[in-house]
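Subject: Structure handover and notes

Dear colleague,

I am handing over the structure below, together with my notes on it. Please read the notes with the structure open beside them.

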Amino acid sequence: MNEESLDQARNYFNDMESQIALLPKDQQGQVFRKCAINCVSHTVLPFLRARREKCGGDLDLFFSNREDSEYLFQRVIEKGHIYEMGYPRCFCFMYNMGFAKSKQHCECSKQSILFILHELFPTKDFTVDIVSTVLGGSDKCIFRVTLGI
């Protein structure tokens, strides 16, 4: 693909991000959900599935910062209830290719975390909130995970 076509594709993508930002939050999530599932199903999910097995399904151990890696970090905020997880930098291939520029695109990461948690802990009810992201101006991406009671 030549540079002119690549720029045209980036502009198209940026226009799509702008339009997605106009949607209500729940609809933004629906737009990004399929992309999120495709992104993590064969990479992050198997890695975290192994972690869940290693932790025996214990959420506090699963979110323990002793499980940090160069790609992912997590911590327990309130045992059995509130956790954080995130990335030390943006790993989104659309961002790294110069396409994703809007912080609304981070809804994709939020959806990927929701998908992973549902796959690993299907009987649990989680909510995920975006705390900070690279696209939002931070140096890392942080998501707050709350276990429903």
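Predicted model: local features only at pLDDT ≥ 70, side-chain atom pairs only at ≥ 80, totals over all residues.

I begin with the hairpin. Strand β1, which covers residues 73-78, and strand β2, which covers residues 82-87, run antiparallel and are joined by 5 bridges. Within this pairing, Arg 75 has Glu 84 of β2 as its bridge partner. There are 3 residues between the two strands of the hairpin, and Gly 80 takes a positive phi near 70° there.

Once neighbours within four places in sequence are left aside, Arg 144 is in contact with Ile 77, Ile 82, Tyr 83, Glu 84, Thr 127, Val 128, Asp 129 and Val 131. To place Arg 144 relative to another part of the chain, its C-alpha is 22 Å from that of Leu 23, the two residues being 121 apart in sequence.

The salt bridges number 5 in total. Besides the pair already described, one of them joins the side chains of Asp 7 and Arg 10, with an N to O distance of 3.3 Å. Both of these residues belong to helix α1 (residues 3-21), where they are 3 residues apart, or about one turn of the helix. Asp 7 is partly exposed, with a relative accessible area of 36%, while Arg 10 is buried at 17%. Glu 3 joins Asp 7 and Arg 10 in a network of salt bridges. A further salt bridge is found between the side chains of Arg 52 and Glu 53, at an N to O distance of 2.2 Å, and Arg 52 is buried, with a relative accessible area of 16%.

Turning to the largest pocket, I find that about 480 Å³ of space lies in it. Of the 22 residues that line this pocket, the closest to its centre are Cys 39, Val 40, Val 44, Tyr 87 and Phe 91. Helices α2 (25-40), α3 (44-54) and α6, along with strand β4, each supply at least two residues of the lining, and α6 gives the largest share, with 3 residues.

Gln 28, in helix α2, is buried, with a relative accessible area of 2%. A polar atom of the Gln 28 side chain lies 2.8 Å from the backbone oxygen of Leu 23. Not counting residues up to four places away in sequence, Gln 28 touches Ile 20, Ala 21, Leu 23, Gln 104 and Glu 107. Gln 28 and Gln 111 are 83 residues apart in sequence, yet their C-alpha atoms are 9.8 Å apart in space.

Gln 104, listed among the contacts of Gln 28, is also the partner of Ser 102 in a side-chain polar contact of 2.9 Å. Ser 102 is found in the loop between α5 (93-96) and α6 (107-120), and Ser 102 counts as buried because its relative accessibility is 16%, against a cut-off of under 20%. Beyond residues up to four places away in sequence, Ser 102 touches Glu 17 and Leu 135.

With best wishes

How values were computed. Residues numbered from 1 in each chain as written. Heavy atoms only, no water. Pairing = 2+ DSSP bridges. Helix = DSSP H or I, 4+ residues; strand = E, 2+ residues; numbered from the N terminus. Buried < 20%, exposed > 50% of the residue type's maximum accessible area, 1.4 Å probe, protein only. Polar contact = N/O pair within 3.5 Å; in protein donor to acceptor, adjacent residues only side chain to side chain. Contact = heavy atoms within 4.5 Å. Salt bridge = Lys/Arg side-chain N within 4 Å of Asp/Glu carboxyl O. 1 Å grid on protein atoms, 1.4 Å probe; cavity = no way out; pocket = protein on both sides within 12 Å on 5 of 7 lines; lining within 4 Å. Points joined across faces, edges and corners; volume = space filled by probe spheres on them.
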